[in-house]
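I opened my notebook to keep track of what I looked up, one topic at a time. Here is the structure I had on my screen.

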Amino acid sequence: MSPYTAIIRRSGNPFELAHVLVSWLIGAGYDAYVVVGCAKRDVCMAIRYRTVCPDIPDENPIIEEPLLLEEEPRYRLMPLPDFTSDYCNQMEKKEAAKKQAELDKIEQARQERIAELERPPPDKIDGWRTHAWALVLPGFKGVDEPFFIEPSEGKRYFADAEQYQQLDSVYNNENYYVNLQSCSNGLGSLNYDLSDLNCWEHLLAGEPFHRRQLVGVDYTDKASAVLTEKHLDAPASWVEKLDISADEFEQRYPGSHKVIHYKKVLLEKFSPYSQRDGIVKRMKIFEDYALSVPLLTYEWYKNRVDKMETARIDHVKKDVQETFAIGRKDHLLKHEYSMDAPMTSVEGVRTLHFNYYPRLDHLTKLVCTALTFDEYYTDRSDRLESRQILYTGATKAAPKRKIKDVTETYSRNSDIPAKEDVWKRIFHMQDNTIELLYHYDYNFVTNDTRSFIKPNLAETGGKILFYPDKTSGYIADPCAKLPRPLDIYYTLCDNMEWEHSTNKHIRDRETDVTEYLQQRHKELTEPQLYVALFDTERNEEAKKGWKEQEAKKAEITEREKEAEIDPLAPYLARMFGSGHGSGAPLTYKEASLVREQCINDFKSKQLARQNLIQERYDKLNAEYKAKRLWYLANQFILTPEKETVYFATSAELAFRVHSLEVRLTRHRDLSGPRFRALEEYLDKHPLLKEYNRTRKYYSNDDK
């Protein structure tokens, strides 16, 4: 089966797939060959359930190592003396090494048992299974060393890969090379210089032009170079040109779906827009080889309106993690939640990560549980870093949770003293108290604090009254002055107002999160896919507009065809008015008059046009001849500038004279056919039907 047929059918044996792959590689500029040899059973039969899936994402965090100083500081503090016992340290190390050795022994035994269970059954024809794959040699496209490509999976392997056991020959569109070397030491030990006749036997004599080493031969003369070496070219390919259309490339897999069974992993691939939710790849990791107990599920999405890119489902911990691309209206980047959490309730266990930079509130993260609600901010102008809310549990009397404590944390403001810079602001809603913690000052091990017992506004008529016995504080600096009662009163008023605004903000934030969860639930149950503006196949609005434009164009074309120009229209309008057209045929006298006027006007117009062209031609031709005579009389006394001007003017006049001459000749040649076409039109005109019939009758009688 040819590569073209393999692409059409989207299936084939190893040789057919290798031909397709090598054809594309050669077309891309690589020095590629089809390899004929022997490989292991799993490779020949495309068995992958004993292979580890290469697409498993690496979830290990990337630890950035701190940059080492190029030069050690000249002065540094002496480390504290170590008073621990060397003997005790040695005994602890020995004990730890002993325990680790036991664990390593147990792990090694476990791995040996697993390897024994996973070992494939013996292959009776091992080393004799014929297979075909691709070989890419160095020299082109930046390739430095030879390597293999497995056509069935498209993965690159080094030349010493264990899965390939024997190499018999290689070939491409230029030549066929037979391997003369032993493969007992692996394919990595072979010499892949195909021009070495001690290692490779050529089917066709000579080398391709880019491999020849010609000495004393003119490279520019390819004919002599070819005759010198007597190179034989391979027959030209008879296969149709390989081409993959955009629609075929987008479909990718037969039926737009492909399933690959790896070791404890089931990998599914989908073509874009083939699934309703926009999924393009799904990977399920199982605990057992029978794929019955799922552990993790990874999903990759494309072209979704909600910008979701990946989803990670942990079936053991029952956690879901969704990641989004930049561009959502709420600037959400990641959503982590528990499967048991209510989909539209803020009281479930979930964490939301945001792109803080475009948000006005600079919100970075939201952490929600049944009894907590934590907000984290970055680079806020008011230096707010976090807000942690603690709720009371729901009861039968109060089914809705209530706020118990609110703790706000602020970063240090270096423009004001530490004793005035609030570090933590704690609102105890149930205890009706406010607690303030200030930042630590330089060289202080304690910080200032202040606590308030809020007055009962219902008893004071809504006014904030200050009672010295309802406030207490601690001053870290013993030399500092005590704060004035008025300043303490102002602090109480500011914090009570801030508590009110914080309480309102918390309720608004809960409402926003609830609305987001409802919107997110709708996005999951009714997913929508983004379609490009120029994709007329999927973009319904663009497709509708395109069809409307085509319909309008067809309408205009049809109208133009219907509204055909009638040469008799001016004469009919002059004789009967503009309303005449589709009525009864004209009488013989009327038709004769109209026909005669039409023919006479046509002749006069043709003659007038011919005379006008002839007049212009004679005038320009006379001017050109006069210019020519003037130049012949004065050519020896003209300056170069005047001569240049003459040549330019003469060339323009010659061009115009030639154009008028061509136009006049064309007019004379077309006048006769145009007159005959007019007569034929008038002979078939429906309004002149009676006249034409009578004229034809008398003409037959005369004959």
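**Cysteines.** I began with disulfides (a pair of cysteine sulfur atoms within 2.5 Å), and this structure holds zero of them. Cys38 is in no disulfide, and its nearest cysteine sulfur, that of Cys44, is 7.7 Å away. A reminder to myself: a disulfide is a covalent bond between the sulfur atoms of two cysteines.

**Ground rules.** I noted that this is a predicted model, where local features need pLDDT of at least 70 and side-chain atom pairs count only at pLDDT 80 or more, while totals for chains, interfaces and linings use all residues. Residues are numbered from 1 along each chain as its sequence is written, and side-chain values use heavy atoms, with hydrogens and water left out.

**Buried or exposed?** Buried means under 20% relative accessible area, exposed over 50%, and partly exposed in between, with a 1.4 Å probe and protein chains only. Cys38 counts as buried because its relative accessibility is 8%. Cys53 is also buried, at 5%. Of the 703 residues of the protein chain, I found that 31% count as buried.

**The whole chain.** I found 12 helices and 23 strands in the protein chain; these are DSSP runs numbered from the N terminus (helices: H or I, at least four residues; strands: E, at least two). The radius of gyration is 46 Å, well over the 27 Å that the globule rule gives for 703 residues, so the chain is more spread out than a compact globule. That radius is taken over C-alpha atoms, and the rule is 2.2 Å times the number of residues to the power 0.38. The C-alpha atoms fill a box of roughly 135 × 95 × 75 Å along the principal axes.

**Two UniProt records.** UniProt positions use the numbering here, feature names are shortened, and annotations may be inferred rather than shown by experiment. An unreviewed UniProt entry places a "coiled-coil region" at residues 89-116. In the model I see that span as 100% helix and 0% strand, with its end C-alpha atoms 40 Å apart. UniProt (unreviewed entry) also lists "domain: CEP76/DRC7 peptidase-like" at residues 129-203. This second span is 0% helix and 41% strand, and its end C-alpha atoms lie 24 Å apart.

**Strand β20.** Which strands pair with β20? Two strands pair if DSSP finds at least two bridges between them. Strand β19 (residues 403-410) runs antiparallel to β20, joined by five bridges, and Thr409 has Lys424 in β20 as its bridge partner. Strand β21 (residues 433-438) is antiparallel to β20 too, with six bridges, and Arg425 is partnered by Leu436 in β21. Five of the seven residues of β20 (residues 422-428) are buried, so the strand is largely enclosed by the rest of the structure.

**The turn.** β20 and β21 form a hairpin with four residues between them, and Asn432 in the turn has a positive phi of about 60°. I clicked on Gln430, which lies in the loop between these strands. Gln430 is partly exposed, at a relative accessible area of 44%. Leaving aside neighbours within four places in sequence, Gln430 is in contact (heavy atoms within 4.5 Å) with Thr392, Lys402, Ile403 and Lys404. The C-alpha atoms of Gln430 and Arg574 are separated by 102 Å.

**Last stop, Ser338.** I found Ser338 in strand β14 (residues 332-338). Ser338 is buried, with a relative accessible area of 14%. Beyond its neighbours within four places in sequence, Ser338 is in contact with Lys318, Asp319 and Val349.
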